[in-house]
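User: I am new to reading protein models and would like a close look at one part, the metal site. Could you walk me through it in plain words?

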Amino acid sequence: MDAPGKIIDVQLAADLKVLEGDGYLLVSDVLNAHERIMLAQELEPWLAATPRCQGDFYGWRTTRVGGLLSKAPMVQRLALDRRMLAIAEALLAPACDCIQLNLTQAARLHPGERAQAPHRDEEMWPGATDGRQRLINVMWAVSDFTEENGATRIWPGSHRARLDRGAELSEGVAATMRAGSACVFLGSTTHAAGANRSPAPRTGVIVSYCLGWLKTYENQFLAYPRATARCFPADLQRLIGYRMHRPNLGGWEGRDPLEYLEGSDAPGAHIDALTPDIAAQLESWYKKAERAADPAEDG
Ligand SMILES: [Fe+2]
């Protein structure tokens, strides 16, 4: 019998192959029935109480709700899903010290909502990417996603081309899936919410991950201030940014933000958080400088 780690490796390799080829991946029935029901129940009061969006990007017959980790605790399970994290780590971690949560957002398309214009989510960060990924999106289906009710449309292979804002809707593929399934797609993949031509709303939850040194779409520290984040599991605290991104990025008073979460307000020393290669380079530089200052010591 294969070890669990090996099975995950095989799964991850297969997932990455699909993503690299098509720019998106459908994963069916990730959530069990209990998880599906809990997720829908936790979201419902927030979706019901939130006014509709205003804008050609957010939509006019759409309701969106952010900051879901505290509003709908089942979203913590989505954000920490091992298969999705493994994909995000594999595609993003080579370009950063650690990945981070970019956003959590519920999106409900009401009947009559028109199709969204095709776009790439990585457009929010300017500059060339050299073909590297900055963002991995996971759209979780809370209700069934159908062609008729506005399933996310994906342009397969579009991650290898320039964004074509005139892309024909008919060239996009509807990511149809049952509630509890997920559609993973790259930040460089052209996509859009479909039109809801059905009489019922279509609801999904977007969870996205980005490079640890980018500005996140959702301000995680406002969404989850100290009193809120303190109650989260440690791996979630780190994922939303309460951690040091080496070297020395994102600290608090020069120290690991986890100390702040734990309630320490006392003055303390700034303490280096360096990657091993930078630490070795600094050590080497100081040794060389010492030898130059005192050649006799060099033997
Ligand atoms: Fe998008």
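Analyst: His191 is buried, because its relative accessible area is 5%; buried means under 20% relative accessible area, exposed over 50%, and partly exposed in between, with a 1.4 Å probe and protein chains only. This is a predicted model, where local features need pLDDT of at least 70, side-chain atom pairs count only at pLDDT 80 or more, and totals for chains, interfaces and linings use all residues. Residues are numbered from 1 along each chain as its sequence is written, and side-chain values use heavy atoms, with hydrogens and water left out.

Now to the metal itself. His191 (NE2) coordinates the iron ion together with His119 (NE2) and Asp121 (OD), at 2.2 to 2.3 Å. Donors here are N, O and S atoms within 2.8 Å of the metal (3.2 Å for Na, K and Ca); water is not among the atoms, so sites may look incomplete. Along the chain, the donors of the iron ion follow the spacing H-x1-D-x69-H. The two histidines link distant parts of the chain: His119 sits in the loop between β3 and β4, while His191 belongs to strand β8 (residues 191-192), 72 residues apart. Helices (H or I, at least four residues) and strands (E, at least two) are DSSP runs, numbered from the N terminus. His119 also counts as buried, because its relative accessibility is 6%.

Met124 lies in the loop between β3 (99-109) and β4 (135-141). With 31% relative accessibility, Met124 counts as partly exposed.
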